[in-house]
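Hi,

Here is the structure I said I would pass on. Have a look at it first, and my notes follow below.

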Amino acid sequence: LYRGARILILDEPTAVLTPSETEELFDFLKNQYAASGNAVIFISHKLHEVLHISDTISVIRDGRMIGTIPTQGATTELLARMMVGRDVSLKVNKAPAQPGKVALDVQNVVVKGEYGNAVDGVSFQVRAGEIVGIAGVEGNGQSELVEAITGLQPYRGQITYLGKVARGVREVEASGLSHVPEDRNERGLVLEMTTAENFILGEQDRA
């Protein structure tokens, strides 16, 4: 913008924005930038954002242009069908949860951070048949909590896995818990190693 660009290509620009920041961006793009005679290509998989910001929508599938349609009259169902090549149900039909026994029990967990406690007395339970979500702005202790649960970080308090106490990565893994980290390249892989070597990490002590 500082250099007077007349065309902007934005690839997933809202991925790191809050809803209010997204609204501010859309307001600028539509009511100032495009209104001044400039052009914007807005790339996103968030269909409601595409419908909100665009004038026309083009869908690419398997590297080929499937079609371009005016935004007016377009629906999420139509766009989803163009994106995958068949009708897509945008609703998840599920029965009410029927929680069973406690699978993960976190009680009064405290994890030290750089400036005081990163996690300060957190307690919760996850039962069999249940999905528990933890929400928060980045940097508010979620990563440290996960590292404590997965045995990567020392903590005070008690964590039990299927009724058993485990300490350290190897014990936690043996208890039946697996971890998909937020940054797969940084935390999930050793990029200097081969695929085969990465595949056996955690199992390398077994013949």
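Asp 205 is exposed, with a relative accessible area of 53%. Keep in mind that this is a predicted model. Asp 205 forms a salt bridge with Arg 170, and their closest N and O atoms are 3.3 Å apart. Asp 205 sits in the segment after α7 (195–199) while Arg 170 belongs to helix α5 (residues 169–174), so the pair ties together parts that are 35 residues apart in sequence. Arg 170 itself is partly exposed, at 49% relative accessible area.

The count comes to 4 salt bridges. Another of them joins Glu 203 and Arg 206, at 2.8 Å from N to O. Glu 203 counts as partly exposed at 32% relative accessibility, and Arg 206 as exposed at 60%. Arg 81 and Asp 87 also pair up, with 2.6 Å between the closest N and O atoms.

Now for helix α1. Its 15 residues (19–33) should span 21 Å at 1.5 Å a residue, and the end C-alpha atoms are 20 Å apart, which agrees. Thr 22, Phe 26, Leu 29 and Tyr 33 are buried in α1. These four cover an arc of only 110 degrees around the axis, which puts them on the same side of α1. Their cover includes β1, β2 and α2 (47–53). On the other side of α1, Glu 24 and Asn 31 are exposed.

β1 (7–11) and β2 (39–43) each supply at least two of the patch residues. Ile 43, in strand β2, is partly exposed at 37% relative accessible area.

Cheers

Technical notes
Residues numbered from 1 in each chain as written. Predicted model: local features only at pLDDT ≥ 70, side-chain atom pairs only at ≥ 80, totals over all residues. Heavy atoms only, no water. Buried < 20%, exposed > 50% of the residue type's maximum accessible area, 1.4 Å probe, protein only. Expected span 1.5 Å × (residues − 1). Arc of directions from axis to C-beta. Contact = heavy atoms within 4.5 Å. Salt bridge = Lys/Arg side-chain N within 4 Å of Asp/Glu carboxyl O.
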